[in-house]
Each structure stands twice: as C-alpha cells, then as structure tokens.
Amino acid sequence: MSSIRTSGLSSTSGTGVKAELLLGDEAAARGAIDAGIGGVFSYPGTPATEIFECVEEHVRQLGSAAGISALWSANEKVAYEEALGMSYAGRRALVSMKHVGLNVAADPFMSSAATGVNAGLVLIVADDPGMHSSQNEQDTRYFHEFAQLPLFEPGTQQQTYEMVIEAFDYSERVGLPVMVRMVTRLCHSRANVALRDLSATGTPPNGQAHREYPRPEPNDWVLVPTNARRRYRRLLDLQPRLLRDSEESPANRLRLAGKRGIIAAGIAGNYVGEVLGAGDDDSTLQIGRYPLPVAQVRALVDHCDQILVFEDGYPFIERRLNGLLGIPGKSIRGRLTGDTPLDGELTPDSVAAALGVPYVSPAFPLEGLAARPPQLCKGCPHADSFKAIVEAAAPLGHAYMFSDIGCYALGVAPPFRAVHSCVDMGASIAMAHGAVQAGAHPVICTIGDSTFAHSGMTPLIGAARANANMTVFVLDNATVGMTGTQDSMCCGEQLIAVIRGLGVHPDHLHVIDPLPKNHAANVALIRREIEYRGLSVIVPRRACIHVKRKGKEPACTPACECTPLTVHARPD
Ligand SMILES: Cc1ncc(C[n+]2csc(CCOP(=O)(O)OP(=O)(O)O)c2C)c(N)n1
Ligand code: SF4
C-alpha cells in the first residue's frame, strides 16, 4: 500500500474540532490567523491573492477585535519589509506573494536571513507551474537554497493549515524567516480542513501574541560589514540544525518496501496516491519540508534500484540526487529523463504514465471545446485608450510600443496590436527610455496605475530628468483590474501629483477621458505629444467597469481631491 497519503498532518493532541471547506489559500490564511499574527502584508498576484483577502475578510468582520492589520502594500519588496518591521517590533507577521513577487522582494528577503527575526515571520510564495496566470514558472525552492532558509511544502489544504502554524513557531525557535511554498492547484482547490480549537490549546487569542523587543543585541539588525559577517556566520552555523529538524519532521515521511522508490514533493504526493491507490509495493518518500532530508533520501536510494522523482516546478530534487555524475548502479528518473514533461504542471495522467500504470482521468475532456482567448471586457476603458493611441501613432512611422503587466497587456491582440513588450512589472518605462537612448522614435509606453505605483515611478524619475523623447500613458482605471479589482495605491489626482513630483513638466502632462465621444480630440492631443521632442505623460482616466459592478468607490486616498472618475456600467 502506498505510504504517500493525501491526508493532512495530524493536528496536535486531537484538537481539530470542526471541519471547513477551504481553498488552499484560505487554509494558509486561517493557519496564520490561528497562529496569532499581528499583520498580513501582500501585493496582489495570482494564485496567492486570496491568502491576503481571507485575512482581510476576517478583519472586516471582527474589526479592531481581530488585532490584525491588513493593508495592501505598494509592491512585494515593501510588503516584505513591512512584515520584517512588524516582526522586529514583536508581532508575528505573514507576508504572501506570487512566485515572481519574490524576485521583487529578493533584496530584503536575502538580507533578512542574516538579520533573522524577532516574532515569527512566515513568507508564503505561490508558484504557478503551467503559467496559468504568470509570465514564467520559476521554482521558489531555489530561493530557499539561495537564502539558506527553511521551507515547508504542503501537499494538501490540511497540511497547509498545520504547516503555517508550525512555520510561525519554528520561525521563533530558530530566529529566522520561514518559507512556505504552494502551487496553483493547491491554492485554488478546496478540501475540508479540521481547524484547531484554540481555547483547548492555550494558544493566545488572535493577534495577541507579542514578544519583547530584544534590546540586548540591537546590532544584529544593522548589516554593516562587521555585523553582517557575524550574522551570516550564525546563519551558516544554524544549517546543521535546520537539516536535523527537517530529517526529524513528520512532514518528510519515508516508507521502505519494494525496489522501486518514489520521491514525491508537496502536491505530487496526491497524484501518486491517486493513481496508485491502495496496494502498491513501492518504497516512498513524501517531501514536505526542506532542507532536503538527506538521511531519508540516502536510506531510500540505498534500498532501491530505481528512483522516480515527482515534483512540480523545476527538477530541484532530481538534480540534487544525480549531482554531476549520477549514482553508480542506480537509475534516477523524473523530469530530466523525460519520464514527466520538463515544463508545465504535473498531472495524475503524467504521473500515471511515468509509473506505467493504467489511469482514467475523471477530468472533463477538453478536446473539441472552442478556444476562447482572453480579451478586454466589453466597455473596458483600455480599449478606447488603445484605439486612440494606435490611430494617433499610425501616420508617424513605426512606433515602438512598450507595455507592462495588467489587463492592458491584452492590447497585444487585434485590432490594437499596440503591445510590443511585456516583461516584468514596471519594465515598460525603463525599456522605453532604453529604446530612446538607442535612437528609436516614436517611443510609446503603456502602464497601469497599480503597476506604476509598484515599480513604474523610479524609471520615470530618470526619464523626466533626461527629458527622454517618449510618450508615457499611465492607464488610470482606479483599480488593480487584472487580479480582481483590489484597491489601487495611487490613482486620480494623487497620481497626477506624484507624476508631477517626479519631475514631469506640467505642459506635457495631460488627463484625458477615454470615451468614444472624445476620440477625435484624444487622437489630436496624443499625436501632438508624440511629435513633441521630449517626455510627455498622458493619463487616460476612467474606472474599470468592475469597480462599478462591485459597488466599490474608486480607490483614491481619503485626501484625494480629484473629480470623481467617470464610472461606466457594462453596456449589456
Ligand atoms: C511581480 C509581480 N507581482 C504581481 C503580479 C500580478 N499582477 C499582474 S498585473 C498586476 C497589476 C495590474 O494592475 P494595473 O497595472 O493597475 O492594471 P489593470 O489590470 O488594472 O489594467 C498584478 C498585481 C505580477 N505579474 N508580477
Ligand atoms: S477587468 Fe476592468 S480593466 Fe480589466 S479588462 Fe475588464 S474592464 Fe478592463
């Protein structure tokens, strides 16, 4: 019988009292709430967004009694730093983001491995193998190794809940940030989760856990070289303990049986359990925690002739097993050997094929369904903006149109074809400025209001300083449309004040209302600004139709004095 079980880790002393049907993201959030966090920090990004939103909803229902602060951050670096500050100040902090968000947060993240933490700090990163809603499928486990920090990898919703609680405790025991890696299928699927009875465990009520600020060694957090060397040495000295704790953890489960060995990481254990069912003879090692438990891996390899590795993402474990030269007499198989595809998500079908067992997927067959490419919603303000931009630029020669990540990236498709690049958040303005320095003209750049606040402001300072010959469109739809209309950090008149403050000349800063009735006037103004030999910024301002549908107010700051944005309902 397979020892890779899909059930969760057993909760401490039978304290699970009620089961709730939760998304993986919700299970993570509930774990953090039950661990007594003082705050959650995040920037939206699929598939991690619902972690923050679940805590936010909890705070909305309980108000200040929740004792938790839940404010979106301007970007992932800011989110990580805010969480670190809360940890230093003695409250547990959760920070969550999608995988590419950790690239943005990598600077404080790497250095926090040296400073360490005070109250528990848990970083949840949601990977997106298969790129359902992402620009790449990088594997966060490499960041665990890069930073030399402990990482948990739950395979089920129940494990997610339990591991997040354990991650906070562990973070305080070792004085380090602890990472939790999730993947899209886990984040966005539901299962019953047994939640702890906090009154029975003596856990402090939500948000009440508080640790003293550790006055004796404040220099630990000041990474000037003398301290940094000392703190890095501490991180290195902790490594044997992190390995031992991982080897002793019930999250890594070894079962020795037949001569074929299976290593399954996180959610892959579910797929193996599903396709093999009861009655298989294989030896198994379920990985739920890193550093990789070397002792268990060695025991499995010694016992078996052939090892099959199933892991979502890169062949992280398979590569480590093989090293440079492989293991004489043993066959290590997985993504590198083509037993499972090198890219995309694992599925029960691909796992069954690699195991050589018959398996009929219960999933609905997709063949024959008409393809439905994503497109801008009917009535989307971006459509009117692109129409005007394309028409204005047409007679001026081949325009270079740099863009960014957001709903407006759909301007790549016909009839607009107005997006020639979309690389990473905030890249458009810097790339446009680079193209200007290569002598390109006309150079046009489109970026959303949330992406601008995330990482578009800094490149605009340089472009304004150089008066770069380009035209920037900050598409202000008053929300973070692409990830589900979260509040935008900077829109309306506040956005204009920021752009002006970054050094853009007021004569070449314009707000337009992208409506069909204004089309001719908008085209004329845009053309004039493209022809101007210097930097222009144009802000097409009209709210996303879903801001209205959700009955939300456009997300200007309380201090904002802009005239209300034109909000249009969907035409149908
Ligand atoms: C580093 C990173 N963080 C988060 C995301 C997820 N994401 C994609 S676009 C976007 C923001 C979109 O908002 P905005 O720029 O205002 O454009 P809109 O979708 O509203 O048109 C976010 C949060 C991402 N792709 N990369
Ligand atoms: S969600 Fe809003 S911004 Fe995105 S395509 Fe639809 S209307 Fe446009």
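Q: In this predicted model, is the crossing in which H11 passes H14 right-handed or left-handed?
A: Helix H11 passes helix H14 in a right-handed crossing.

Q: Which residues make that contact?
A: H11 contributes Tyr-271, Val-272, Glu-274, Val-275 and Leu-276. From H14 come Pro-348, Val-351, Ala-352 and Leu-355.

Q: And what classes do the residues in the contact of H11 with H14 belong to?
A: Eight are nonpolar, one is charged and none is polar.

Q: At what angle do H11 and H14 pack, and how far apart are their axes?
A: The angle between H11 (residues 268-276) and H14 (residues 348-355) is about 65°, and their axes lie 9 Å apart.

Q: Turning to H1 and H7, how do their axes cross?
A: The axes of H1 (residues 24-34) and H7 (residues 157-174) cross at roughly 30° and come within 8 Å. Angles under 35 degrees count as roughly parallel, so H1 and H7 are roughly parallel to each other.

Q: Which residues of H1 and H7 make the contact?
A: Among them are Ala-27, Ala-28 and Arg-30 of H1, together with Tyr-161, Val-164 and Phe-168 of H7. By class, the contact of H1 with H7 has seven nonpolar, four polar and two charged residues.

Q: Now the whole chain: how many helices and strands are there?
A: The protein chain has 20 helices and 21 strands.

Q: What share of the residues is buried?
A: Of the 572 residues in the protein chain, 56% are buried.

Q: What about the accessible surface of the chain?
A: The accessible surface comes to about 23,800 Å², and carbon and sulfur atoms account for 55% of this area.

Key
Residues are numbered from 1 along each chain as its sequence is written. Chains are lettered from A and ligands numbered from 1 in the order in which they are written. This is a predicted model: local features need pLDDT of at least 70, side-chain atom pairs count only at pLDDT 80 or more; totals for chains, interfaces and linings use all residues. Side-chain values use heavy atoms; hydrogens and water are left out. Helices (H or I, at least four residues) and strands (E, at least two) are DSSP runs, numbered from the N terminus. Buried means under 20% relative accessible area, exposed over 50%, partly exposed in between (1.4 Å probe, protein chains only). Accessible areas come from the Shrake-Rupley method with a 1.4 Å probe; for residues, only the protein chains shown count as cover. Axes are lines fitted to C-alpha atoms, for helices over the stretch in contact, and angles run from 0 to 180 degrees between N-to-C directions. A crossing is left-handed if the near helix is turned anticlockwise from the far one by less than a right angle, and right-handed if clockwise. Contact means heavy atoms within 4.5 Å. Ala, Val, Leu, Ile, Met, Phe, Trp, Tyr, Cys and Pro count as nonpolar, Asp, Glu, Lys and Arg as charged, and the others, Gly among them, as polar. Angles under 35 degrees count as roughly parallel, over 145 as roughly antiparallel, 65 to 115 as roughly perpendicular and the rest as oblique.
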